[in-house]
Amino acid sequence: MFDFLKKLFKGDESKKTDSKPVKKTTKPKAEPKKSTVVKSKTVKKESNKKTKPKNETAKLKPAKKIETKPLKEQEETPKKEEKLSFAEKIKQGLKKTRDAISDNLSTLSFTKKIDQEFYDELEMTLIAADVGYAATQQIITELKDRVKKEKLEDGAQLKNLLKKILLELLQQIEKPLIHIETTPFVILVVGVNGAGKTTTIGKLTKLLLDEGKSVLIAAGDTFRAAAKEQLQVWGDRNNVTVISQDTGDPSAVIFDAMQSAKAKGVDIVIADTAGRLPTQKHLIDELAKIKKVIQKFDETAPHETILVLDANTGQNAINQIKVFNEAVSLTGLIMTKLDGTAKGGIVAAIAKEQPIPLRFIGVGEKIDDLKIFSAEDYAEGMLE
Ligand SMILES: Nc1nc2c(ncn2[C@@H]2O[C@H](COP(=O)(O)OP(=O)(O)O)[C@@H](O)[C@H]2O)c(=O)[nH]1
Ligand SMILES: [Mg+2]
């Protein structure tokens with residue numbers, strides 16, 4: 001059985017070792033020194049209203065967070081109830097997807113023989129959950145093969161096998177973001193309008209602060225007037241500095257943010273950008289320009305270029321990945337709004353068709369609703 005799998009998922013083993021997080025060896029810095037914003041003529045300091053005395057900001061990074069464990073490991077090792085609530089949250093987020101698949105599947109597997117009609121119906125169920133044609137074909141082919149080999153007849157066994165096949169597919173894009181070695185580590189966030197970029201930046205900032213990192217946000221969405229304010233709200237919530245300018249040049253804002261981060265010794269710069277559609281060629285090209293300007297400051301930056309995708313987008317997500325990837329070489333994805341859709345199967349379609357690491361998933365609008373993508377929790381969330 002495993003030989004078959006290995007053939008199917010060639011190189012999976014190496015990918016798995018690849019995905020092993022690198023331990024960070026440095027102690028987290030004391031705090032994001034928000035009081036030392038660099039004064040640049042072009043930088044408009046968006047000072048936080050809720051300023052705390054300096055010695056209090058250390059509370060941002062509780063002592064228990066200083067272990068050298070990588071993000072992934074920290075999620076895997078906490079006390080049982082924390083681990084539970086993490087998986088439970090994902091499960092809750094994937095409820096609609098699971099209901100759509102599982103309702104169909106349980107009717108299928110308990111009332112029918114495992115015959116061609118069964119497979120046809122399963123195919124339709126997976127397609128309806130947005131697993132996509134290619135991934136669905138792969139899953140069905142494998143399922144058929146293994147059902148035959150293992151002589152399965154029982155519905156529950158079949159469901160477990162399906163879950164296993166799905167898990168193996170999802171593992172291809174399970175590579176958590178942990179290689180934060182350079183400082184400032186620059187994360188460029190791109191995507192269409194309304195995908196959830198700004199909200200995700202707010203949540204990601206919280207996650208990284210919890211990890212003991214200091215963060216600075218660059219308001220690179222200079223297109224919409226309200227964008228800066230929206231980002232500032234997230235900055236205030238996290239008590240981190242948001243760098244913005246009155247000019248309409250996103251590259252300049254991000255460049256300033258990087259300079260400021262360097263001067264203050266901030267670990268991570270997260271740069272927001274204006275929403276753009278894959279069809280808006282000039283706007284997509286503008287992203288490549290932004291990237292070039294960033295590289296004038298540090299040729300290895302951006303160290304992470306993340307496309308934020310709205311799970312409700314369905315199969316169009318595949319096209320978005322293609323276009324954005326061509327323009328700016330994506331290194332990671334974040335899938336938002338999984339809590340509001342029955343189409344969570346899109347993640348499997350991505351694993352099959354555009355396997356770029358899915359770093360995080362968004363399962364709600366609150367600050368703690370961004371979770372590290374775990375293939376296991378996800379497969380469990382889809383099929384239970
Ligand atoms: N339910 C839900 N809503 C989300 C999630 N992520 C973002 N949103 C909402 O999506 C909307 C658009 O988000 P925004 O960050 O402004 O998108 P942007 O245009 O890409 O910056 C807002 O109302 C967010 O609250 C998520 O994971 N779940
Ligand atoms: Mg935005």
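1. Conventions. Residues are numbered from 1 along each chain as its sequence is written, while chains are lettered from A and ligands numbered from 1 in the order in which they are written. As the model is predicted, local features need pLDDT of at least 70 and side-chain atom pairs count only at pLDDT 80 or more, whereas totals for chains, interfaces and linings use all residues.

2. Overall fold. The protein chain has 15 helices and nine strands (DSSP runs, numbered from the N terminus: helices are H or I with at least four residues, strands are E with at least two). Of its 384 residues, 44% are buried (20 or more other C-beta atoms, placed from the backbone, within 10 Å of the residue's own). Among contacts with a separation of 6 or more, 82% join residues 24 or more positions apart (contact: C-beta atoms, placed from the backbone, within 7 Å).

3. Ligand 1. The ligand is surrounded by 19 residues, the closest being Gly-196, Lys-197, Thr-198, Thr-199 and Gly-362 (C-beta atom, placed from the backbone, within 6 Å of the molecule). Helix H9 (residues 197–210) supplies the largest share of this shell, three residues.

4. Helix H11. This helix (residues 250–264) has 15 residues and spans 21 Å from first to last C-alpha, close to the 21 Å expected at 1.5 Å a residue (1.5 Å times one less than the number of residues). Its buried residues include Val-253, Phe-255 and Met-258. Strands E2, E3, E4 and E5 and helix H12 are among the elements covering the buried residues of H11. Just after H11, Gly-265 has a positive phi of about 70 degrees.

Terms used: A residue is buried if 20 or more other C-beta atoms lie within 10 Å of its own, exposed if 12 or fewer, and partly exposed in between; C-beta atoms are placed from the backbone. Two residues are in contact if their C-beta atoms, placed from the backbone, lie within 7 Å.
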